[in-house]
Amino acid sequence: MTFFSILFALIAEQYRPVTASHWVRRMSAAWLDWVAKEFGGKSADGATPVGARLACLVGFGLPSILVFIIYIAAFVVHPLLAFVWNIVIVYLFFGFRQFSHSFTLVHEAIEAHDLPAARAALGEWYGPELDTSDLTETEVISLALERAIIGSHHHVFGVLFWFMMPMGPAGVVLYRLADIAAQRWSERGDFNLSEAARHFFYVLDWVPARITAMGFAIVGNFEGAVYGWRYLTQKWSDSLSAVILAAGSGALGVRLGEPMSEPDSDEALRMAEAGEPVAYEVGLEPTERTMRSAVGLVWRLVIAWMALLLMLTIALWLG
């Protein structure tokens with residue numbers, strides 16, 4: 001059931017993608033904003049630590065429980081109804097089109113050698129947090145690749161992991177709502193609320209992030225991905241994203257993130273005496289060709305996931 005639910009959802013998404021303006025995206029954002037307002041907006045200092053944790057339970061837990069109850073009820077009535085419910089939930093919360101449209105706009109502008117258009121598309125993708133006016137072509141490509149790699153995990157591979165858990169469609173809703181809240185609640189300026197959401201998502205994503213990193217290593221440059229995972233994660237502040245980006249950049253054989261500073265002579269001597277390896281930049285500068293390679297890397301990992309699911313499905317049928 002899992003394999004065919006994902007397969008049918010992917011096919012449906014190609015014909016009718018779930019965009020940022022889709023009703024389920026608007027409803028999810030409105031629900032999380034309401035929860036944040038109710039638990040954090042009544043005090044001048046924002047939510048209390050206990051209130052912030054309760055907001056997470058209400059914001060992510062209640063919709064997930066509702067989805068799970070509907071799934072169980074549908075399964076009791078007829079397994080086919082539960083199968084249809086799975087497809088609906090996976091279709092609404094899973095897929096490439098929820099992040100790939102912006103990447104495609106940047107890619108097309110780079111292909112046309114239209115740097116201003118590429119900057120504009122990247123700026124719209126990132127939002128006001130990023131000033132793209134002075135970015136070079138290499139920097140535009142690098143930032144687009146980082147956003148796409150993280151997007152592929154949050155919208156595809158992380159969702160796949162939680163859909164395969166016993167919670168099924170409820171795990172999908174739990175993971176995606178926690179991801180959205182970790183981003184939206186951070187913009188409110190409520191420290192306790194944003195920290196609670198980020199911690200909740202960190203717990204949910206710790207294992208999936210490492211599975212995605214291992215997947216990039218398997219379908220890409222294995223040695224580069226492993227080296228990046230071991231030595232280059234300090235280039236990014238977020239520990240979860242750092243694992244995925246370091247492995248993804250190594251799998252692609254390109255340099256992403258801020259350039260690493262070379263250790264001075266005293267630091268290099270200290271590291272040599274302590275037996276600590278010196279980390280160096282690896283890979284080439286990202287180019288337009290790298291953007292095409294990134295699309296291929298993600299699709300190869302999707303195919304590997306689907307092949308594994310198909311084999312498990314056949315094994316269960318034969319068993």
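**Cavity, pocket, fold and selected residues**

User: Which element gives the largest share of the lining of the largest cavity?

Analyst: The model is predicted, so local features need pLDDT of at least 70 and side-chain atom pairs pLDDT 80 or more, while totals for chains, interfaces and linings use all residues. Residues are numbered from 1 along each chain as its sequence is written, and side-chain values use heavy atoms, without hydrogens or water. The largest share of this lining amounts to three residues, and the element that provides them is α2.

User: How many cavities of 30 Å³ or more are there, and what is the volume of the largest cavity?

Analyst: A cavity is a set of points on a 1 Å grid over the protein atoms alone where a 1.4 Å probe fits but cannot get out. Its volume is the space filled by probe spheres set on the points, which are joined across faces, edges and corners. The count is one cavity of 30 Å³ or more, and the space in the largest cavity is about 40 Å³.

User: Which residues line the largest cavity, and which elements give two or more of them?

Analyst: Lining residues have an atom within 4 Å of a point. For the largest cavity they are Val 24, Arg 25, Ser 28, Leu 92, Phe 93, Gln 98, Arg 176 and Ile 180. Two or more come from each of α2, α4 (79-93) and α8.

User: What is the volume of the largest pocket, and how many residues line this pocket?

Analyst: A pocket is an open set of points with protein on both sides within 12 Å along at least five of seven lines. Trp 125, Glu 129, Arg 147, His 154 and Gln 183 lie nearest its centre, and the number of residues in its lining is 47.

User: Which helix gives the most residues to the lining of the largest pocket?

Analyst: At least two lining residues come from each of α2 (23-40), α5 (97-111), α6 (115-126), α7 (137-163), α8 (169-184), α9 (191-219) and α11 (239-252). The greatest contribution, seven residues, is that of α7.

User: What percentage of the residues in the chain is buried?

Analyst: Along its principal axes the C-alpha trace spans about 70 × 60 × 45 Å. Buried means under 20% relative accessible area, exposed over 50%, and partly exposed in between (1.4 Å probe, protein chains only). Of the 319 residues in the chain, the buried share is 48%.

User: Among contacts between residues at least 6 apart in sequence, what percentage joins residues at least 24 apart?

Analyst: A contact means heavy atoms within 4.5 Å. For the chain, the share of such contacts that join residues at least 24 apart is 71%.

User: Is Glu 13 buried or exposed?

Analyst: Glu 13 lies in helix α1 (residues 2-15). Beyond four places in sequence, Glu 13 touches Val 18, Tyr 91, Phe 94, Gly 95, Phe 96, Arg 97 and Gln 98. Because its relative accessible area is 0%, Glu 13 is buried.

User: Which residues does Val 35 contact beyond four places in sequence?

Analyst: Val 35 lies in helix α2 and counts as buried, at 0% relative accessibility. Its C-alpha atom is separated by 29 Å from that of Ala 9, 26 residues apart along the chain. Val 35 is in contact with Ala 55, Val 58, Gly 59 and Trp 185.

User: What is the phi of His 113?

Analyst: His 113 is placed in the loop between α5 and α6. With a relative accessible area of 69%, His 113 is exposed. Although His 113 is not a glycine, its phi is positive, at about 60°.

User: What separates the C-alpha atoms of Leu 115 and Gly 158?

Analyst: Leu 115 is in helix α6 and counts as partly exposed, at 21% relative accessibility. Apart from neighbours within four places in sequence, Leu 115 contacts Leu 135, Thr 136, Glu 137 and Val 140. Leu 115 and Gly 158 are 43 residues apart along the chain, and their C-alpha atoms are separated by 32 Å.

Note on methods. Helix = DSSP H or I, 4+ residues; strand = E, 2+ residues; numbered from the N terminus.
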